[in-house]
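Me: I have a structure open and would like to go through some of its residues with you. Shall we begin?

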Amino acid sequence: MVAQKAQDRLRGTGRQGLEVLEQRFAKEISAHRNGAPLDDRWKRIGAALDRVGAQYDNHASGLYWYTDFEKAKAAARASKRPIFSLRLLGRLNEDLSCANSRFFRTTLIQTRKSTTS
């Protein structure tokens with residue numbers, strides 16, 4: 001319960017909350033991306049990244065997904081960047097979401113891997 005409240009607070013700070021987690025656990029994220037075995041610690045780190053970034057397997061893409069359109073518009077204005085909007089039946093942070101969500105998430109992860117390799 002304490003961890004979820006902390007994750008919700010980080011989520012509330014926007015992209016910066018995800019960056020805090022990525023910096024704090026950079027070593028673990030890198031190890032996991034390079035095939036380190038799964039353990040309970042990684043499962044907790046991965047769950048935190050997923051919750052804060054709003055995407056299942058967030059460690060693979062490192063993207064922060066807004067679920068509030070008004071907040072997304074404010075962030076887009078502040079950063080002078082466009083909005084990439086998706087309308088899906090499922091959620092990107094759920095493993096067994098709709099087929100389109102799963103396909104899109106897989107495509108994102110593959111794109112990220114090919115651009116960082």
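Me: Which residues does Trp-42 touch, not counting residues up to four places away in sequence?
Reply: In this predicted model, Trp-42 touches Glu-28, Ile-29, His-32, Leu-49 and His-59.

Me: Where is His-59 found?
Reply: His-59 is found in helix α5, which covers residues 58-61.

Me: Is His-59 buried or exposed?
Reply: His-59 counts as buried, because its relative accessibility is 14% and the cut-off for buried is under 20%.

Me: And what does His-59 touch, leaving out residues up to four places away in sequence?
Reply: The residues are Ile-29, His-32, Arg-33, Trp-42 and Leu-49.

Me: Which residues make up the largest nonpolar core?
Reply: That core has 10 residues in all: Leu-18, Leu-21, Phe-25, Ile-29, Trp-42, Ile-45, Ala-48, Leu-49, Val-52 and Tyr-64. Helices α2 and α4 each supply at least two residues of this core.

Me: Which helix gives the most to this core?
Reply: Helix α4 does, with 5 residues. As a general point, nonpolar side chains in soluble globular proteins tend to be buried together.

Me: Let us take Leu-21. Where is its place, and what is it in contact with beyond its neighbours within four places in sequence?
Reply: Leu-21 lies in helix α2, residues 15-24. Leaving those neighbours aside, Leu-21 is in contact with Leu-10, Ala-48, Leu-49 and Val-52. Leu-21 is buried, with a relative accessible area of 9%.

Me: How many residues apart in sequence are Leu-21 and Gly-53, and what is the C-alpha to C-alpha separation?
Reply: Leu-21 and Gly-53 are 32 residues apart in sequence, and their C-alpha atoms are 9.8 Å apart in space.

Me: Changing topic: what is phi for Ala-54?
Reply: Ala-54 has a positive phi of about 65 degrees, although it is not a glycine. Most residues other than glycine have a negative phi. Ala-54 sits in the loop between α4 (40-53) and α5, and is buried at a relative accessible area of 5%.

Me: What about phi of Lys-80?
Reply: Lys-80 is a residue other than glycine, and its phi is positive, near 55 degrees.

Me: Is Lys-80 buried or exposed?
Reply: Lys-80 counts as exposed, at 76% relative accessibility.

Me: One last item: what does a side-chain oxygen of Asp-68 reach at the start of helix α6?
Reply: At the start of α6 (residues 69-79), that oxygen of Asp-68 comes to within 2.9 Å of the backbone nitrogen of Glu-70.

Definitions and conventions:
Residues are numbered from 1 along each chain as its sequence is written. This is a predicted model: local features need pLDDT of at least 70, side-chain atom pairs count only at pLDDT 80 or more; totals for chains, interfaces and linings use all residues. Side-chain values use heavy atoms; hydrogens and water are left out. A polar contact is a pair of N or O atoms within 3.5 Å; within protein, one must be able to donate a hydrogen and the other to accept it, and residues adjacent in sequence count only if both atoms are side-chain atoms. Buried means under 20% relative accessible area, exposed over 50%, partly exposed in between (1.4 Å probe, protein chains only). Contact means heavy atoms within 4.5 Å. A nonpolar core is a set of buried Ala, Val, Leu, Ile, Met, Phe, Trp, Tyr and Cys residues joined through side-chain atoms within 4.5 Å.
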